[in-house]
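Dear colleague,

I am handing over the structure below, and my notes on it follow. Please read them with the model open beside you.

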Amino acid sequence: MTMALASFQRIAALPELRLAIGAMLSIAFAGACAAAITSQSPWVASTDSKVRLVSGAVTLDGKPSLIAGVQLRMDGGWKTYWRNPGDSGVPPSFDFAGSKNLKVAEVLYPAPRRFADANGTAIGYDDEVTFPVKITPERDGEPIELRLALSYGLCKTLCVPNDVSLGLALPADAASHPGDAALLEASLARVPKVLAPDALPRIEAVIANLDGSQPELLVDVLFAPNATGTDLFIDGGETFVPVPEPLGPLANGKQRFAVTFGSPKEAAALKGKVLTLTLVSDEGSSETAWTAN
């Protein structure tokens with residue numbers, strides 16, 4: 001035993017071997033640290049879909065910011081809904097009330113698209129969507145524990161409500177770890193933003209006729225001249241807004257949409273309400289606030 005130990009000590013004293021041992025120990029230590037920091041919660045399966053929380057540090061307004069995300073994958077043929085689900089369905093509900101050291105969790109919605117279904121037109125997503133979540137802690141420099149009660153509808157031939165619980169512990173220095181930054185940056189790029197007045201796409205005019213026996217809204221929009229996939233969606237919060245319909249194809253970047261109400265009472269409910277008009281296209285998307293009158 002003594003001779004074996006002496007032999008090992010002589011071998012370990014060789015400079016080349018000391019470097020190799022040090023490198024192996026450094027790799028092992030780095031691997032242990034990486035394993036201890038996770039940016040993802042486990043997937044939770046529910047009705048031909050699965051969902052999880054992700055997180056990462058992305059650059060917002062010129063500085064690193066901690067962003068979470070609710071990543072939802074759906075099997076083929078299934079879809080879920082935007083904040084205004086359209087003629088049917090239910091919008092998703094994100095409840096972070098059980099979280100610790102969390103002051104605000106602002107959920108953002110990527111640009112949706114429309115689907116034809118048995119009940120008319122639905123607005124939402126298929127295949128996969130990640131909802132970015134801007135995180136503001138109660139106390140900076142301390143760990144954050146995210147707890148999310150998520151409710152979302154899935155529709156194929158039938159619509160199915162889903163309720164799942166998700167959790168993710170974020171260390172105090174989470175904002176310095178890239179984590180799922182690539183996924184979150186791609187999702188943030190799909191979120192419509194308020195643009196400068198001369199940027200595209202933009203609202204050119206809103207003609208409101210909320211009185212009379214056939215109330216309607218006419219919205220004139222200017223897209224990039226060669227844009228495709230052009231559309232308009234309107235969110236009225238708790239107030240129902242019918243799905244806008246295009247009155248013709250894009251022509252020289254211009255397109256008109258009409259919102260037709262089912263009754264004067266339905267139209268009158270919008271008066272004084274702030275609506276969010278969301279424009280989407282393959283050339284970009286934007287949001288504009290407009291007050292109905």
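Thr47 counts as partly exposed, at 29% relative accessibility (buried means under 20% relative accessible area, exposed over 50%, and partly exposed in between, with a 1.4 Å probe and protein chains only). This is a predicted model, in which local features need pLDDT of at least 70 and side-chain atom pairs count only at pLDDT 80 or more, while totals for chains, interfaces and linings use all residues. Residues are numbered from 1 along each chain as its sequence is written, and side-chain values use heavy atoms, with hydrogens and water left out.

Thr47, in the loop between β1 (44-45) and β2, has a positive phi of about 45° although it is not a glycine. Asp127, which lies in the loop between β8 and β9, likewise is not a glycine and has a positive phi, of about 65°; Asp127 is exposed, with a relative accessible area of 56%. Strands (E, at least two residues) and helices (H or I, at least four) are DSSP runs numbered from the N terminus.

A cis peptide bond, with omega about -5°, joins Leu200 and Pro201, and Pro201 is found in the loop between α3 (181-189) and β12 (202-209).

Best regards
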